[in-house]
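Keep the viewer open as you read.

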Amino acid sequence: MSTSDNDLKPEEFAQAAAEAIKDAQTRDFRGAAQVLASAGLCGVCAREDAGGLALGIEFALPIVAEAGKLRLHWPLLETLLIAKALGDSPLAAELASGERVATWALQGSLQDAFAGHARHARDCDWVLVADGRGGGALLALSSVEIQDDEALDPEHPQSWLTLDGATVLAELDAATFSALQCDSHILIAGLVNGAAEAALATTADYMSTRVQFGRPLSAKQAVRHLLARMRLLQEASNAGIRRVLHTDEYGQLRSARPVLANALANACFVLEKSIHLHGGMGFTWEVPLHYALREVRKFDAAFGSGALASQVGRDFIQSQ
């Protein structure tokens, strides 16, 4: 399916995705899978012969951004990426249809027999891990030992996996796995930036309606300056994400790693300041901004808690 043939625009996917995500949030894990798959979200990038839409990563971006805004606790990002990477494999069709759900362990490898930072592993069927030789391997989660890590999120913990004797369902070559990693960096940046955008909108609305001493809090200069800085960082992340979708002036693909590092840092700042401006309400169930911060912090931890930004800086210096 091509954009020219169907006159599709990526931004039009956001509204449809939002409705499906809101519906999915009212259901259990497997029910959510069916809702999201029926809306075409799980297979948006999968091949048509696998039941997908065969669209580019730019169409998945507004979908995961909505997932970030609405704080979806479901591995939509991982499932749609893995469905794309599996190509014409029958396994891709199972992911696109919602019959199976996959997650991704962002650290470790099959060669090390240990992997970690996988979201929702206990509820998923499959997990993608690096094979230790540049490629990737899709494993059956029923064949691995799972240990939850509740340090950052006791309600939706990440998991560590012991891979001794794991069943390999499919293998990805180095080129496919590298392309998949690049796509994941873009989509993770989009997801955390979406979370920051929603938090900023909530905070701006609260500051404009919360009155102290006869004036809304947004009338105070210190508050206005902080909101402006938060908006600047969020829009800077958004601009970087949009830019990385296009080639540079030499026709080469841009690296997504600086964009991801920037998006993670900016999203953390925006979310933390949003919670601060809400006072204690930011940690309540009524204003659950802490849920979004947990997700961002989990991704940051998976990439080394600032190590990604340090590596991007070293790579830039060495390239000069």
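A nonpolar core is a set of buried Ala, Val, Leu, Ile, Met, Phe, Trp, Tyr and Cys residues joined through side-chain atoms within 4.5 Å. Keep in mind that this is a predicted model.

**The core**

The largest nonpolar core has 105 residues, and the members that touch the most others are Trp74 and Leu161. Helix α7 (residues 174-209) gives the most to this core, contributing 14 residues.

Leaving aside residues up to four places away in sequence, its contacts include Phe29, Ala32, Ala33, Leu36 and Cys42. Thr79, Val101, Arg119 and His120 are also touched by Trp74.

**Aromatic pairs**

The structure holds 4 aromatic pairs. One of them joins Phe29 and Trp74 in a tilted arrangement. Phe29 belongs to helix α3 (residues 29-38) and Trp74 to the loop between α4 (57-69) and α5 (76-85), so this pair ties together parts that lie 45 residues apart in sequence. Phe29 is buried too, with a relative accessible area of 15%.

Phe114 and Trp160 make a stacked pair, because their planes meet at 10°. This pair also links distant parts of the chain: Phe114 sits in strand β2 (residues 114-119) and Trp160 in strand β6 (residues 158-162), 46 residues apart. Phe114 is partly exposed at 39% relative accessibility, and Trp160 is partly exposed at 22%.

Here are the two pairs side by side:

| Pair | Centre to centre | Angle between planes | Arrangement |
|---|---|---|---|
| Phe29 and Trp74 | 5.7 Å | 35° | tilted |
| Phe114 and Trp160 | 5.6 Å | 10° | stacked |

**A covered strand**

Next, look at strand β4 (residues 136-140). How many of its residues are buried? The count is 5 of 5, so β4 is mostly covered, with buried meaning under 20% relative accessible area. Gly136, Leu138 and Ala140 point one way from β4, while Ala137 and Leu139 point the other way, and all are buried.

Strand β3 (residues 126-130) pairs with β4 in the antiparallel sense over 5 bridges, and Val127 stands opposite Leu139 in β4. β3 and β4 form a hairpin with 5 residues between them, and Gly132 in the turn has a positive phi of about 90°. β4 also pairs with strand β7 (residues 168-172), again in the antiparallel sense, over 4 bridges. There, Ala137 stands opposite Glu171 in β7.

**A buried arginine**

Is Arg294 buried or exposed? Arg294 is buried, with a relative accessible area of 15%. Arg294 lies in helix α10 (residues 289-302) and touches Leu152, Asp153, Pro154 and Glu155, not counting residues up to four places away in sequence.

**Stepping back**

The chain contains 11 helices and 9 strands. Its radius of gyration is 20 Å, close to the 20 Å that the globule rule gives for 320 residues, so the chain is as compact as a globular protein of that length. The C-alpha trace spans about 65 × 45 × 45 Å along its principal axes.

Buried residues make up 51% of the 320 residues. Among contacts between residues at least 6 apart in sequence, 66% join residues at least 24 apart.

Note on methods: Residues are numbered from 1 along each chain as its sequence is written. This is a predicted model: local features need pLDDT of at least 70, side-chain atom pairs count only at pLDDT 80 or more; totals for chains, interfaces and linings use all residues. Side-chain values use heavy atoms; hydrogens and water are left out. Buried means under 20% relative accessible area, exposed over 50%, partly exposed in between (1.4 Å probe, protein chains only). Helices (H or I, at least four residues) and strands (E, at least two) are DSSP runs, numbered from the N terminus. Contact means heavy atoms within 4.5 Å. Rings of Phe, Tyr and Trp (its six-membered ring) pair if their centres lie within 6.5 Å; planes under 30 degrees apart count as stacked, over 60 as edge-to-face and the rest as tilted. The radius of gyration is taken over C-alpha atoms; the globule rule is 2.2 Å times the number of residues to the power 0.38. Two strands pair if DSSP finds at least two bridges between them.
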